Amino acid sequence: MSTIIKNGTIVTADLTYKADVLVEGGKIVEIGQGLLGDEVLDASGCFVMPGGIDPHTHLEMPFMGTYSSDDFESGTRAALSGGTTMVVDFALPSPEQGLLDALQMWDNKSTRAHCDYSFHMAITWWSEQVFDEMETVVRERGINTFKHFMAYKGALMVNDDEMYASFKRCAELGALPLVHAENGDVVAELQRKLMEEGNDGPEAHAFSRPPQVEGEATNRAIMIADMAGVPLYVVHTSCEEAHEAIRRARMQGKRVYGEPLIQHLTLDDSEYAHPDWDHAARRVMSPPFRNKQHQDSLWAGLQSGSLSVVATDHCAFTTEQKRYGVGDFTKIPNGTGGLEDRMPMLWTYGVGTGRLTPNEFVAVTSTNIAKILNCYPKKGAVLVGADADLVVWDPEKEKVISAENQQSEIDYNVFEGKKVKGLPRYTLTRGRVAVEDGAFKGQEGHGEFVKREPSTPVAKALSTWKELTAPRKVERSGIPASGV
Ligand SMILES: NC(=O)NCCC(=O)O
Ligand SMILES: [Zn+2]
Ligand SMILES: [Zn+2]
């Protein structure tokens, strides 16, 4: 059976034009005028865009003594409802656990996914086994990204020597390292001091993670990546200090990407001053929300291209889970949700305000990350031969975000009460209509794992450059006799 999307305006990262899109066998098979198909989807007044790709989710993640509450079923249901058609989650080995062992666990979790997905592999400890298994992860399992936590001391954090070793291994394998950039040692010390002073509420979470800890770690990771000869992707860039380091690196020709979150773009640190403990604790995440100046910096980065991708870091905990940290803010599970709201919020606050063009919206929600992760144009494109992961976007459709009618399993929404204008009329996952006018029609288990090859053009170019400019011994003919 074929599906035809009629009367819409196609919006990609670089083009806007009117055409019909014919879909068959899960792929786009024709783009043109007056096409015919079995099932007709009317896109009058709508934009037909590549479905969103969220490269940063934590579904059913074991963290801080509990598990994040959205799993691959509810998480991908939320994703599709908001126009996102692919998520990339993190496989996290526990201490001393092998990478392949951890991957098996994430394979098992992901069988219920409604939409396509991929994994980043986390490097949470270092050994010869990890070094060896990285090759299998890349060459056999189709994962070309490795995540490093510079924070969460005593848990997920890796030290500089481990990070440098892993980055060098990434360079050899043509893989891309990712970093959570916060100075974990300084955070741990600030947490200790704040608690000692009786500062135990959720607002102290933000005090313990000032922009400097992020700026320092971002710059350190950039320099370590440069010395290892590998590109770098910095997740959840939240402040000017980190953005500045990324901007400067890019201006110097370093291959560095920054990823702000929709939460940091649209919510600020006044949330932590809320008199209701639950309200503030529900917004505890790392890095924390920042002030308006930092938000302006992030928006400017998206406009100028110094920041590349908007993600969510969807890691949802219920109010009950957040209350593990009553009396000790360091025990509040870190994380917020956003999978269902990323696209409508970014459209409303980005395109709706004139900060982004519709083409830039497509670039930062889908196409850029598809290229960075090396799954373009299978994903992130409206092209013949691409997967029919599409969103028919109605720029006039409105709603007020509320936990009452969200897909996520948690009991609140950090965007509660925000009015959004711009929502999916249809979301298609590999040609299957999963969302129609707010009604969810997806199929559990429809999602497939997306394999990603190593050695992107950028990784190849950088390794060529590093090889060309590597230190070389100077061959001399007349070496003087030793002075001793
Ligand atoms: N961001 C956050 O607070 N929780 C999820 C884990 C991480 O990405 O650091
Ligand atoms: Zn993180
Ligand atoms: Zn994360």
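Reader: In which sense do strand β11 and β12 pair, parallel or antiparallel?
Author: In this predicted model, local features need pLDDT of at least 70 and side-chain atom pairs count only at pLDDT 80 or more, while totals for chains, interfaces and linings use all residues. Residues are numbered from 1 along each chain as its sequence is written, and chains are lettered from A and ligands numbered from 1 in the order in which they are written. Strands (E, at least two residues) and helices (H or I, at least four) are DSSP runs numbered from the N terminus, and two strands pair if DSSP finds at least two bridges between them. Strand β11 (residues 84–91) is joined to β12 by six bridges, and the sense is parallel.

Reader: Which residue in β12 stands opposite alanine 91?
Author: Alanine 91 belongs to strand β11, which covers residues 84–91. Its opposite number in β12 is methionine 121.

Reader: How many residues of strand β12 are buried?
Author: A residue is buried if 20 or more other C-beta atoms, placed from the backbone, lie within 10 Å of its own, exposed if 12 or fewer, and partly exposed in between. On one side of β12, Asp116, Ser118, His120 and Ala122 are buried, and on the other Tyr117, Phe119 and Met121 are too, so that both faces are covered. The strand (residues 116–122) is therefore largely enclosed by the rest of the structure, the count being seven of the seven.

Reader: Is lysine 147 buried or exposed?
Author: Lysine 147 is found in strand β13 (residues 145–149). Two residues are in contact if their C-beta atoms, placed from the backbone, lie within 7 Å; not counting residues up to four places away in sequence, lysine 147 touches Phe90, His120, Ala122, Ile123 and Leu178. Because 24 other C-beta atoms lie within 10 Å, lysine 147 is buried.

Reader: What UniProt annotation covers Lys147?
Author: UniProt positions are given in the numbering used here, with feature names shortened, and annotations may be inferred rather than shown by experiment. The entry concerned is unreviewed, and for Lys147 it gives "modified residue: N6-carboxylysine".

Reader: Which strands stand at the edges of the open sheet of seven strands?
Author: The sheet has mixed pairing and the order β3-β2-β7-β17-β18-β19-β20. Each edge strand has a single partner, so one side of each is left without a neighbour in the sheet; these strands are β3 (16–18) and β20 (439–440).

Reader: Which residue in β18 is the bridge partner of valine 392?
Author: Strand β17 (residues 390–400) and strand β18 (residues 419–429) are antiparallel and share eight bridges. Within β18, valine 392 has as its bridge partner tyrosine 426.

Reader: What is the radius of gyration of the protein chain?
Author: The radius is taken over C-alpha atoms, and the globule rule is 2.2 Å times the number of residues to the power 0.38. Buried residues make up 56% of the 484 residues. For a compact globule with 484 residues the rule gives a value near 23 Å, and the chain agrees, because its radius of gyration is 23 Å.
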